[in-house]
Amino acid sequence: MLPIDMSDFGKWIGYLTFFTVGVSFGAVLEMAGFGDSRKLAAQFYFKDMTVFKTMFTSIIVACLLIFLFSALGLLDFSQIYVNPTYLWPGVVGGLIMGVGFIIGGYCPGTSIVSAASLKIDGMVFLIGTLIGAGLFGETVKYYSDFWNSSFTDRWLLSDWLNWSIGATVVAITVMALILFYFAEKTEALFQDKGTVEKAIWNKNKKTYLASAVVIFLISLFIWSFGQPDPKRKWNIMGAQYQPQLDSREVFIHPLEYVKTWNDANVKLVTLDMRSEDEFKQFHLDSAKRFSLEDVVKKEFVFDLLQLPPQGVVVIVSNTEEEAVRAWQWLKVQGVANLYILENGLNNWNQLFSDKVLHLEKIDLTRPSAKVLELFPKDFYKAKIKLKTTKKGAGLCS
Amino acid sequence: MENKNTAASYMNPYLAGTLLGTVLFTAFALTHSGLGASGAISRIQVFLTKIISSSHVDQVGYFATMGGGDRNALDHSSVLMFVGTFVGGVLSAKFHNRFRAEVCKGPNLSNIRRFLFALLGGIFMGYGARLARGCTSGQALSGGAVLSVGSWAFMLSVFLGGYLVAYFVRRLWN
């Protein structure tokens, strides 16, 4: 099951993987001609659309491979890092970079390759990026609110359009193919007279058309096959998570729940799947009712994926079988720090029934941290392990 | 390559794109995340700043998370990818007879001016890439392939920024 994390085999094996991927990355950039600023800048005068063509082809190819593998159950997309959206900082940063691109002739990645092939302007540009990064670090404190604004985690185009992933993949594939056609035509129009490359389109017409059909068919296949729903995903990849259920390391004791609830560093989400009547009668403070059908809904999971790294999700049910099912289906959708309240609320009242707090009644919907002092220290085994960072935080940090 | 001294021609853009997309997919499959360049640049900058003044790195929060205290800013996977990208560039340039010192510039520009604009462009790029939390590789390519809304908005902004200014700086390149 992909993705595998090579750093699980040791830090230096992970580093070696990043190095090797980097070598391939650098070599391809150089072969595409991205070590030469003239070729890159020509994009903005419509003379040479290589930047656009190569970039979009790579995006489409990687996108099709990822969602094809995911559709076939060979890759768990929930474990793939998706750049979080900080919309406006991204847009403003992008505009600034566009200006830098046309003035300087490179972007960071291409300037590395340019400097590597001894282009002196590339080396100067690279020094500039170091200064720019430094200037950012010095000045971000003046507008850190803006820099952290308009944030949505793991927000896909398909969520935004409210389409399926498959339909979105088809749409951007078709869009790319149409834009490639216009790129060819535009290039022919703006190209300097007598350029050799003029003949490329005619020479490759058949190959291009055939490739376009293949790419389009692959995207259609991805759409029609569909991305696996949580049930199918659990059947395919549940085995890797099953030990966590068998060892009961994800079942937390009510007192650990109380402790977590009172921990200011933790953002706790309590999901109660008991019946509506039971919920009305008694429920934990801030618990949210849900049913098993909600778990397969995109919006429901989307909200849970917005939680910060120190977010904890606890499932409450009086039937363990039901809780386990919900745990399984949420787990394969990438919900992190996911736990089940052991025995649900069955013993909740009993646990506190003979306990008395000095001058204070125990509020059973939200017991305070003082309650913990009424129990011996080793009354339960703590199981919640918080990760401080999300897995695979990307290479931009 | 009949002549040993002639640089080979560049690869067909779609073929290069297909290779690049495959590399990108492989990166996702083996590391969870895609490609990147600007993160390493930021880390090298922090590393260099630390040599000059380590107390300054500790004071500026943005630098401290990368290289504060006894943290080594270079001890990060992105730096390994940076080094790899450089080595890949050297290998390919050598193999294709493009490994030679030269200045890439428009026909009507002096070397000094080219260097000034390259430096200025680099500063813009370095600044913007930190503001946008990634560059063309880490945001546009990697985030684009996994359909991140922010990455697509970012990508459009880069092209928009370039096209808006291109006319006014046309003498740099034409």
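A salt bridge is a side-chain nitrogen of Lys or Arg within 4 Å of a carboxyl oxygen of Asp or Glu. With that term in hand, let me present this structure.

The model is predicted, so local features need pLDDT of at least 70 and side-chain atom pairs count only at pLDDT 80 or more, while totals for chains, interfaces and linings use all residues; side-chain values use heavy atoms, with hydrogens and water left out. Residues are numbered from 1 along each chain as its sequence is written, chains are lettered from A, and ligands are numbered from 1, in the order in which they are written.

I begin with the two chains together. The contact between them (heavy atoms within 4.5 Å) takes 130 residues from chain A and 120 residues from chain B. The size of an interface is often given as the accessible area lost when the parts come together. Here the buried area, which is the accessible area (1.4 Å probe) that two parts lose on being put together, summed over both, is about 11,300 Å² between chain A and chain B, and carbon and sulfur atoms give 75% of this area. Across this interface there are five salt bridges. There are also 42 residue pairs in polar contact, both residues being at pLDDT 80 or more. A polar contact is a pair of N or O atoms within 3.5 Å; within protein, one must be able to donate a hydrogen and the other to accept it, and residues adjacent in sequence count only if both atoms are side-chain atoms. On the side of chain A that touches chain B, helix H6 (residues 120–139) of chain A gives the most, with 18 residues. Helices (H or I, at least four residues) and strands (E, at least two) are DSSP runs, numbered from the N terminus.

Let us turn to individual salt bridges. Over all chains, the whole structure holds 16 salt bridges. Which residue meets the side chain of Arg98(B) in a salt bridge? The partner is Glu30(A), at 2.8 Å from N to O. This pair crosses between chains: Arg98(B) lies in the loop between helix H5 (77–95) and helix H6 (111–131) of chain B, and Glu30(A) lies in helix H1 (residues 11–32) of chain A. Are these two residues buried or exposed? The scale counts a residue as buried under 20% relative accessible area, exposed over 50%, and partly exposed in between (1.4 Å probe, protein chains only). Arg98(B) counts as buried because its relative accessibility is 6%, and Glu30(A) is buried because its relative accessible area is 3%.

A second salt bridge joins Arg38(A) and Asp36(A), whose closest N and O atoms are 3.0 Å apart. Arg38(A) is partly exposed at 35%, whereas Asp36(A) is buried at 11%. Both belong to a network of salt bridges that also links Lys119(A) and Glu102(B).

Finally, consider helix H4 (residues 87–104) of chain A. The expected span of a helix is 1.5 Å times one less than its number of residues. The 18 residues of H4(A) should therefore span 26 Å, and the end C-alpha atoms are 25 Å apart, which agrees. H4(A) is mostly covered, with 13 of its 18 residues buried. After H4(A) comes Gly105(A), whose phi is positive, near 90 degrees.
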